[in-house]
Amino acid sequence: MRQVLCPVLVGRDAEVDVLHAGLRAAADGHGGAFFVMGEPGVGKSRLAREAARLARSSGLTVLSGRSVAGGVPPALRPLAEAVLGALRGRGEIDAGDLHGFRPVLGRLVPQWLPADPAPETASPVLLGEGLLRLIRALGGGGRGCLLVLEDLHWADAESLAVLEYLADNVADERTVCLGTLRPESAGAGRELVDRLVDRRAATVIELGGLPAAAVAELARTALAAAALPAEVTEFLVERADGLPFLVEELLAGLVGAGVLVERDGCWVMTGRPGGGPPRSFADGVRRRVAGLATPAGEVLRAAAVLGREVDWSLLPALTGRPAAEVAALLRPAVAAQLVTADGGAFRFRHALTRDAVLADLLPPERATLAAQALATLLRIDPELTGFRCELAAELAEAAGDRPRAAELLVEVGRRAVAAGALASAEATLRRAGELVDDPTTRIPVDDALTEVFALTGQVDLALDLGQRLLARLDVRSGPRVAALHLRLARAGVAAGRWPLAVEHLAAARGLAGVEPHLAARVDALEAQVALGQGRLDDAGRLAATALAVAERAGLAELACEALEVVGRVARQRDLRGAEAAFARELAVATAHGLRLWRLRALHELGTVAQLRTESVDELLAARGLAVEVGALALVATLDLQIAAGLVKQFRADEGLAAASRSVDASRSLRLATLPMALVQAAAAHAQRGRADEMAACLAEASALAPDDLDVRGSAWGHCRATASLLAEDRGRALAEMTTGARLLRSSPATVAPPFLGLRILLLAVDGDAATARMEADTARASAAIRHQLVASLLGYAEAVLLGRSGHAARAETAFHAADAEMGPLVEWHRQYARRLAAEAALADGWGAPVRWLREAAAFFAAAGHGNVAAGCRALLRGAGAPVPRTARTAGAVPADLRALGVTAREADVLALVVEGLTNRELAARLHLSPRTVEKHVASLLAKTGSRRRAQLAGYSARLSG
């Protein structure tokens with residue numbers, strides 16, 4: 001039979017223009033999403049192929065995948081097909097944008113999936129962002145990418161969620177997303193398109209039937225004919241309803257039946273079109289199948305049972321024929337336009353074609369073939385790897401074995417849970433439940449569905465189904481009952497429903513004898529409940545008990561879980577104890593290759609280090625591992641913590657960079673960290689003196705989280721108050737800190753930024769001593785003093801209050817104790833605390849305020865905080881003390897010195913050498929280390945040709961005189 005296929009797209013000029021314009025815009029960096037909708041056979045795939053041709057001709061990379069029909073849509077299949085096809089034959093992708101996203105993309109590219117992916121890789125937002133970056137990398141050598149996803153009416157929920165993210169975020173990319181789907185009035189695919197159109201994130205192209213003139217042109221082009229008999233055109237217009245697919249099918253039927261023949265280069269009729277050719281598409285397929293030799297027809301029917309996309313490796317075993325013979329028998333089906341061959345894979349030309357072949361089978365024949373196919377599949381691949389488990393479930397259902405189909409669907413659902421495809425898992429398990437009526441057979445279905453409900457946060461559904469399942473379980477199935485109680489308890493913990501969690505833990509504990517170490521697992525989970533309820537002593541005791549069992553039995557994960565609770569309990573009271581617990585957790589996780597627990601331990605250790613010293617080194621190490629395992633939401637959280645630490649160190653530029661990373665990730669991944677990341681960016685802007693940028697960040701944070709007490713409190717006390725302090729407006733700063741402190745005290749969180757201590761120090765210096773004392777006592781009774789910086793600032797406040805009470809010696813002792821605790825990373829806060837304490841010490845006659853002010857003035861001048869430095873100098877003048885010179889700028893260095901290459905800082909050193917100061921005195925005056933001063937002096941000696949400091953002083957005198 002001669003193939004009758006039109007080689008070009010006919011009658012779709014307007015639609016092609018729309019897509020071509022979209023591709024040109026994408027090449028210029030303005031991507032978009034397009035959806036082609038139309039009934040089967042109307043030409044959706046033809047239009048998609050034309051778009052792909054245009055994209056390739058313009059230098060764009062094309063990725064394509066499709067969803068497949070079936071009761072259980074495989075999770076992420078169209079996206080995986082598109083990505084794997086694009087990567088096939090390519091070298092290693094090495095793009096900075098993909099850093100950290102490979103583990104997430106492992107759901108599409110199996111070789112990128114780590115052994116223990118982070119739980120958050122289940123997020124379609126993370127996968128969508130990773131895919132967006134991969135598409136960007138794949139299009140890096142050209143002008144962009146076209147992603148084609150066909151048959152979205154059959155797509156799984158995860159694929160649609162990822163596609164929604166792509167559509168929402170391609171506007172600034174060199175990417176076009178093109179989807180095809182049928183215009184069903186209901187369905188997840190149509191609902192997605194409607195949502196995207198409503199928010200103007202997509203363009204819909206609706207395809208209708210071709211007009212008569214286009215039908216005639218398509219027929220002529222398919223036969224390469226200058227003209228066709230009028231009867232043929234009339235027949236096609238009447239019967240095909242303008243559907244290009246049916247035009248070709250009907251035309252092929254006429255040619256195959258000999259009703260339309262070519263003679264001397266012209267096509268002529270040998271009979272009436274309505275008599276010979278079929279009156280329906282199914283009749284046409286049936287006739288062509290009947291025209292095949294018997295063995296070829298048998299192979300084709302077996303292929304139809306396996307799906308529209310034929311698993312080629314199964315056909316030889318299923319038909320009992322050698323592979324070469326099966327391939328040869330499929331050749332006539334290809335010629336008859338029933339099957340297409342593409343790169344060694346076979347596929348029915350249209351879903352309607354496969355449906356027509358299956359419809360020609362009697363129900364017993366189809367059931368028998370399906371049973372044979374299932375047995376063959378299990379024999380060849382007992383593990384049912386890849387998408388074969390879904391196929392096996394479909395075959396079992398087609399064979400009439402509903403319990404077996406349900407059993408296989410439960411396995412499909414569990415695999416989907418492991419892959420993070422929770423929406424697909426839920427849909428699959430619900431379908432499994434529809435296949436079984438027997439309560440006993442439903443137990444595995446409901447057990448798996450309970451877990452999915454718990455994981456997706458549908459706690460009420462999980463608890464309701466779990467309770468009903470418990471009533472059906474045989475009390476003799478102790479391990480299953482115990483596992484279910486633990487699962488329900490974890491659901492209660494996740495929802496903060498502590499009494500419910502306790503109830504199920506008690507039930508599980510009553511079954512402690514049915515499973516080794518169950519009691520320890522219950523203890524570990526109950527410790528989390530106690531911690532959540534604020535019962536720290538109970539939490540510590542339960543965690544310690546679980547830990548002892550875990551260490552005796554070598555249960556590494558249980559030990560890590562218990563140690564984490566031990567550390568979190570200790571962190572409320574004893575940072576050293578917390579650090580020790582988290583260090584043990586890290587050691588256990590490292591020794592047993594538990595990367596996720598290792599990551600959690602590093603995060604906790606970094607948090608402890610930050611509380612004690614404001615160091616971010618441990619947090620940076622945790623961030624590196626989080627990137628490695630693909631825990632990208634945690635990366636954003638760590639960047640937020642790193643930004644907070646750097647801002648506390650007044651490393652404003654570095655803090656802003658970290659905060660900006662967190663802002664960007666939080667924004668693109670839609671994370672709850674965005675408002676606080678904006679607050680940290682605002683704090684960095686405040687330190688840099690950028691009031692407008694600070695205000696813009698705070699306005700956005702407030703709009704995103706208007707009721708978040710931590711965001712509002714930090715905005716007032718941490719950001720606005722910092723700007724006021726740097727402007728030397730202490731009255732306004734104190735008012736802003738007071739507002740911030742009031743808001744934070746009302747928050748259930750334990751955020752403790754430095755201003756909580758600095759405010760009390762300001763109260764001690766500028767306010768009422770009794771109020772300052774009361775506020776200090778309140779702060780010491782709270783968790784805020786876990787933050788060493790806050791505790792140290794309270795120490796300075798104590799020194800000021802003691803000085804005010806006339807206890808000079810005790811005030812000095814308290815001052816030096818606080819000063820010693822500050823640490824080198826928070827020098828700004830040390831110097832500001834000294835500046836405030838010096839003001840009180842001058843008034844009350846204690847300490848060494850002049851020395852403190854000299855050091856502070858030099859520090860703030862060097863840091864560029866001129867207003868604060870000026871305040872220090874004003875206090876020195878008021879005390880009658882010599883006022884240090886302000887730091888020179890490069891332009892203020894005398895020309896003779898500039899000619900020698902002397903820097904501004906070296907010029908400052910030279911000016912003080914003239915005063916006869918020692919290196920240590922110079923270091924204190926300029927807030928430098930003695931070693932640094934020594935280097936500056938050595939450099940000056942070399943540049944001026946001097947051999948001794950006395951000569952250096954003389955050289956300086958000659959310059960000035």
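Arg576 sits in helix α27, which spans residues 575–591. Helices (H or I, at least four residues) and strands (E, at least two) are DSSP runs, numbered from the N terminus. The model is predicted: local features need pLDDT of at least 70, side-chain atom pairs count only at pLDDT 80 or more, and totals for chains, interfaces and linings use all residues. Residues are numbered from 1 along each chain as its sequence is written, and side-chain values use heavy atoms, leaving out hydrogens and water.

Is Arg576 buried or exposed? Arg576 is exposed, because its relative accessibility is 63%. Buried means under 20% relative accessible area, exposed over 50%, and partly exposed in between (1.4 Å probe, protein chains only). Val608 is 32 residues from Arg576 along the chain, and their C-alpha atoms are 8.5 Å apart.

Next come the strands. Strand β2 covers residues 61–66, and five of its six residues are buried. Strand β3 covers residues 145–150. The two run parallel, joined by six bridges. Two strands pair if DSSP finds at least two bridges between them. Leu63 has Leu147 in β3 as its bridge partner.

How many disulfides does the whole structure hold? The search finds zero. A disulfide is a covalent bond between the sulfur atoms of two cysteines. The cut-off here is a pair of cysteine sulfur atoms within 2.5 Å. The sulfur of Cys145 has its closest cysteine sulfur in Cys177, at 9.9 Å, so the two are too far apart for a bond.

| Cysteine | Relative accessibility | State |
|---|---|---|
| Cys145 | 0% | buried |
| Cys177 | 3% | buried |
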